Amino acid sequence: MTTIRQRRVGTGTEAAEDQPSEEINVKPDGKILSDPTGGKLWNILSVTVGGIVAISLGLLTSVYVATLHENDLWFSNIKEVEREISFRTECGLYYSYYKQMIQAASIQQGLHGLVYDNKTESVRTINILERMNVYQEVFLSILYRILPIQQYLEPVYFYIYTLFGLQAVYVIALYVTSWLLSGTWLSGLLAACWYITNRVDTTRVEFTIPLRENWALPFFAIQIAAITYLLRTHLQPVQERLTLMAVFIATFLFSLTWQFNQFMMLIQALALFILDCLDLLPTAKVTWLYIIQISGLLLVCVLQFFNSMILGSLLISFNVSVLIARTIQKNLKKGGLLNRLGKLILHVLLVLCLTLLINKFIKKILNLESDEHIFKFLKAKFGFGATRDFDANLYLCEEAFGLLPLNTFSRLSSTLLFYAYGFVLFLLTIAAVIVAFRNLSGSNQVQLKEKLEEYTVTLKPDAAYSLVHTVLFGCLALSTMRMKYLWTSHMCVFASFGLCSTEVWKLILKCLHLYTSQRTQVIKYSIPIITLLYISFKFWPGIMDELSELREFYDPDTVELMNWIKSNTPNTAVFAGSMQLLAGVKLCTGRTLTNHPHYEDKNLRERTKQIYQIYAKRSPSDVYGILQSFGTDYVILEDSICYERRHSRGCRLRDLLDVANGHIMDGLGENEPDLKPSLYPRFCEEIKKNLPSYTMHFTRVFQNKTFHVYKLAKHK
């Protein structure tokens, strides 16, 4: 098992750029000043300083996470095999394709090896570029080959520095989004500081570097920043076209780099749909965003050799359904409150029915079953019946796919982020409800409208989008812990925007009958500055201690296993074992695998379930026959799985296999009544006794404290 052990070694304030002029140039006596030249110079200075701060914070974040990674693993000092082992599970699989491209005789041969790959899944040739989102590895490997840096920078450092560099882009995008929403770069500064001080809950890049989300989320943040700018009013046609282009590019890159892109963008499309129905966003811009999502995803589909999972995505079906429904219901936004509510209910039902019909039709035509495990998991997770499905239970038993732990909120509260977020969320939700009701009622009573505006703020389109975005992604994070990083980063943006927002403080002060423009300006700057001072004094010493703590990578058993495989097995040998371990086997040794962690393929899921019978109660001849059918030469057994204690009874891998096979589980506890005892003992335990029924099929060729490797006999 891997462990990390100790090393054995000797401000001011600036004017709001996007606020009404009467709140910027007002004397205490109420007279309006007119100094356009001075105002422009101040704005230029403010934008320049804000831009420098944004870039500086981005670079500091990049250096910060890179330093943490180095300090935690002593990455610069450990061996190459240890560096590769540190890329755990699917991270190692993705990095292996970068390594494969680097080591190929030419770029053309490298690409050919990916398109016609027969080492990732034994006795089967697959197209890696179709199945997996690895274009970033391809691009980076080509860039490394053509740039004159080979003598100065190792391939692994070029790879990890690129990912750490993307963290700078990520932080800058969050900073800019908050700045655009509030009109002051002080908001962006607060968002970036919250992102850094809440690093445990906002990113995991320093220990899961090649993970797809670490590539994708910076582009998602850029897309949100571009959408925020697009939703501003009074944009010039040229500005709007350029912004739409930026949204498209960011959407395309986000989709290209993460296999779960369609599900994230579906939530985004739902946010746009809700806001459009409530008349909180301009319909024309929403339509463009629907089209951009579809076109970006279809372009990725083409690059991934018409990946059927993309064509059968709910996102494409939903967006097409919305556009069709809107064409059918042309007078959707006309009439009184009850009339519009009735139309909206029909519109929602029409979109829902069309989405399901179109999606069902596409999947039927394409015979698509690649994503069925996701829907089985969701069905079981939300209580729509118990399941014995192995794949669904495999997800259900993983902590990452469980509910968001409550201690997350205590950590977020320690930086004041959660308190500020809840405060802003409460106020803007009230404002959104009032504005939506006003829009739906279509009231022409001027006095009523003026009275409402006296006590409420008019919710700007960009703020309305940010509100619904954070609510929907918050629901996703609460239900699935692994997705919290999509929420917590935007939480930093949303909370900082609210604390620096003129509209929020104007609403509060008007409700308290204390409103003046000067008082609003003082509060919108003083509260964020006080918050920043609190964060600095409380967390700066902890950050310094964290950066001074030195550890090193330590996993001698896995290193010994990988070295033995490279030295004692032929290059063409086929290995079977757990998905997580085999990804490392491919990266470190280049041997052929029977299965791997990229689970978005029905045949692979079936294959993995069969391979995992090595941890079930099956006869040696059954297990031998299964392994032989996949061309296996060696099988690796792990004590950490065979005698697993990490999960409770019912969630251990051996329990999932027993239930799926109809066998009762080990240990004390209840079993479902129709489960029966197995006729055979557990394979991974019994094989170690060297009984004749096992030794006739399997010969142990390697053993240490963690792993046991058996070679399969070649029967005629």
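Buried means under 20% relative accessible area, exposed over 50%, and partly exposed in between (1.4 Å probe, protein chains only). Keep that handy for the tour.

This is a predicted model, where local features need pLDDT of at least 70, side-chain atom pairs count only at pLDDT 80 or more, and totals for chains, interfaces and linings use all residues. Residues are numbered from 1 along each chain as its sequence is written, and side-chain values use heavy atoms, leaving out hydrogens and water.

**Stop one: Lys 714 and Asp 633.** Select this pair to see a salt bridge at 2.7 Å, N to O; the term means a side-chain nitrogen of Lys or Arg within 4 Å of a carboxyl oxygen of Asp or Glu. Lys 714 lies in the segment after strand E7 (707-712) and Asp 633 in the loop between helix H29 (620-629) and strand E5 (634-638), so the bridge ties together parts 81 residues apart in sequence. Helices (H or I, at least four residues) and strands (E, at least two) are DSSP runs, numbered from the N terminus. Lys 714 is exposed, with a relative accessible area of 54%, whereas Asp 633 is buried at 18%.

**Stop two: Arg 88 and Asp 555.** Here the side chains form a salt bridge of 2.6 Å, N to O. The two residues are 467 apart in the chain. Arg 88 is partly exposed at 33% relative accessibility, while Asp 555 is buried at 1%.

**Stop three: Asp 666 and Arg 682.** Their salt bridge spans 2.7 Å, N to O. Asp 666 is partly exposed at 24%; Arg 682 is buried at 3%.
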